[in-house]
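Okay, thanks for having me. Let me put the model up, and then we'll walk through it together.

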Amino acid sequence: MSAKTRLRIVGGALHDPANGVDGEERDVCIEDGRVVASLPDGAPTLDARGMVVMPGGVDIHAHFASSSCNHARRLIPEEHAADPASPPRLLDGESRSGSGGTVPSTFTTGYRYAGLGYTTAFDAAVAPLLARHSHAELDDTPCVDAGIFALMGNDEYLLRQIERGERERARDYAAWLLGAAGAYAVKIVNPGGIEAWKAGQRNVTGLDDEVSGRKVTPRAILEALTDAANQLGLPHPVHIHCNNLGVVGNAATTLASMETLAGRRAHFTHLQFHCYGGEPGKGWASAAAKVIEYVNAHPEVSVDVGQVMFGPAMTITADAPVEYLLHQSSGRRWTNIDIELESGCGIVPLTYKEKTAVSALQWVVGLELFLLSQDPWRVVLSTDHPNGGSFLSYPALIQLLMDRAVRDDRLKQVNQRFLAGSALADGLAREYTLNEIAIVTRAGPARLLGLQAKGQLGVGADADVTIYSRDPDIARMFSTPRYVVKGGTLIVEEGQLRRAPAGRRLRLAPGYDDAVVRDLRKHFEAYSSVSFDNYPVRDLRDAPLVIGRTA
Amino acid sequence: MLQSVTCLGCGCGCDDLTVRVRDGRIAELSPPCPVARQWFGDGSVPREIRTDGQSTTVEQAVEAAAALLSGAEHPVVIIAPDLTTRAQCIAIAVADALRAEVDGTTSDSAAAGMLVAQRRGRAAASLGEIKNRADMVLFWAVDPRERYPRYLERYAAAESATHVRSRRFVSVSVGDDRGPEPAELAAQFAPGEEVDALAIIQATLRGRRPGELPPRLQPAVAIAERLLQGKYIAVVHDAEALGAGRDPQRVEGLLALTQLLNGPTRAALSSLRAGGNRSGAEAALTWQTGYPMRVSFREGHPHYHAGRAGLERLGSDGADALLVAGSVAPLDHPALALGRIPAVVIGPRASAMAGARVAIDTGVAGIHEAGTGYRMDEVPLPLTSLLEHPRGAAATLGLLLSVLRRRAEAKPG
Ligand code: SF4
Ligand SMILES: [Zn+2]
């Protein structure tokens, strides 16, 4: 019998917060890739007694399948040499070697996500021009159901529509672009700032700056795209990387962005990088408490944290002006790729050191966001992989959240220079429960992504299940799940990857008024180096999801 | 008549061609481009399948290929640029399964540039960005019109642009490698001087006034000053330059110069690359292995042999079997005659390669086989199938891969 058809996971402590189950002993019955109410006697069983059972992990924001990631891979041959990955010993199917480091090769990425118990992941920054490349990488990234977010907010066509007050046209364009790129969500990166960088203006500094001499502001871009995503009824609202990333005192911009969009659904990503107080020249401070207070009070806002973890990282972002400054200050390798009519790309390898004052502050800010948040459903665990650290560091992060002793110990070792007055330095006693971890790593992100069959194990859910052996060392417990089931297939057994099926592609094709297509064709003919007919990605694996219905 | 056809004749990757097919042949191409005409020809390619010179079926040929390759101690896989990226990916999978050495056909000159970029990063742009923004273009020892016929018309000198109305050209010639004319500023350096000239340009950009310069290097200061007048500077060079006069340090100087211009102004290096899907092979190798070229799977995982090309390895290191995926011109060279090493060739015109033990003809990417191909700026483009061919390279390599897997599973242990 194939491993896929039926499986009864017996006797585990189930953490399924979406269905109100908090560690009670429950069986999970699986048939043909879905959770079912029951199975006939004699169905194969998996003994999970004494173990912890959760839905498969859902990564709402990472960088692992893009042209930018491929540029980053090229910058780190030493890291790859130091972390070679032999092919896993699979029971059947293709098994591939690869290399790891902060930006692993594609197959290795899929295997490592699976080995971590993550079964769904999104690449959060893809220039639509290069979407074809991302899909090719995803074709070679097994084990995870995956999708991409399409970069918008610095695109020539969009800026022109906003400048003219053509908000409906802007919405139609966003809809068309999602379909053309085979993308799942609208991603805004540094609205207007990338265009400013490319136009020689360096960057924008606030919500009301003009973008490269046009009558367009970051605020207008935020509003136009947030409304577009909400009016289109996208399963995930607009995914925002605010202006002024990594800049001292940037919490003011972050709060202003949130206030501008008050009352409208929006997701603010890697919030940690946007929660700094202090003043230029006078030093940094944490503004996490202030920002998370706003988030706590505004149910329409969701965030992921973008925790910094000490150790090697790779900064990869469309926010090219930030990477230029990082290169200037760190002196490290720097790649910048300007992407016509759409976006940019900057890459600098980086190491976060606990003895470095800014790194220590960033680490503290991230933890404060987690520990001061009142609604775990809206505060997702992420490291902005690999920007704040590799996804392989999620277990260590979970330990910091669940184990105050470990956290306080670590806190003593970090540079204290900018920590005066920070909530964490003053002592935060909170420890996340297993259920809260299940929320911030699967149930929450799945709900925020509108993936109704993910992040939960009710009847009809996708049979993506992760089973952990209990271990007082939380980091060890979460880094080596005992079993992982993906779409009903047992892929990890006794901590070993045994199968590596292809994942599903998660993408959308929203409707739009055809008039935008005629206008876009003219725009492409004048300015694009790619023919309009050749721009949309075709022949993708899996049909687009139907908006408004269960995946 | 087919429109918006992508051409892989050179790295420009123009995707605006109109192709008229008549009686199973390519009858007309427009706009007319001499290099494109050469690439497409009339589209006719052989359709044979041979083992040891005898015609056979694809199944038998693939079995023979698998036997030959899996029996080898040190197989080498060469991935040619006339394949779709998917076919190239499958060839890498074959190399992984065989624990072979694998390489694309990155030229020595392009490889040198790649290695420098790995060490220091780079500042680059998609070609449309050069079209839309470059108000100043520095041509370094290249006139693109010769080998990249439409580069100027489509990109660096395009008429329609979002951000520029007019452009200024600075043209540098090095030895016999002439920059284009006319140009607002032209300079000539001897091959032995160009690296010094690049260093002087950088020093000037850094605000350091070089002392007394020999007259032949003085134009470097003027070039630096002129570049600073640009808002967005495209630095154009031929990444495939092979001339005896080319200084291997040139590319380092150009990469450094372009990075440095980002500060006082904005700049991007545009590296001209030859035809076919060579950037696709480099991209696929990178995402599958972590390295863009010259990878060995001998230890069971990817290992980077950055120093030497796969083709060079054939003559040494005890390579005892060869898989060529696609067609590689240097292999027709007598010094590399395939007869010396048992070879399998799967790709366009395989049967025309003298000495291959197994030869399976397939269609050409973007002429017979649809898929994806990468432009010189690593923008992926769709490739269409204009003409029929009984076999695709991706499907045939996929067949080989599955036979190899079956054999490996059947092997005890
Ligand atoms: S310039 Fe190059 S890509 Fe463009 S049509 Fe000519 S050969 Fe083809
Ligand atoms: Zn990110």
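So, a polar contact here is a pair of N or O atoms within 3.5 Å; within protein, one must be able to donate a hydrogen and the other to accept it, and residues adjacent in sequence count only if both atoms are side-chain atoms. Before I use that: this is a predicted model, so local features need pLDDT of at least 70, side-chain atom pairs count only at pLDDT 80 or more, and totals for chains, interfaces and linings use all residues. Residues are numbered from 1 along each chain as written, chains are lettered from A and ligands numbered from 1 in the order written, and side-chain values use heavy atoms, with hydrogens and water left out.

E156(A) is buried, at 4% relative accessible area (buried is under 20%, with a 1.4 Å probe and protein chains only). Leaving aside neighbours within four places in sequence, E156(A) is in contact (heavy atoms within 4.5 Å) with residues including T162(B) and H163(B).

That takes us over to chain B. The contact takes 63 residues from chain B and 56 from chain A. Across this interface there are 49 residue pairs in polar contact, both at pLDDT 80 or more, and eight salt bridges, a salt bridge being a side-chain nitrogen of Lys or Arg within 4 Å of a carboxyl oxygen of Asp or Glu. E94(A) and R405(B) meet in a salt bridge, 3.1 Å from N to O.

Notes: Buried means under 20% relative accessible area, exposed over 50%, partly exposed in between (1.4 Å probe, protein chains only).
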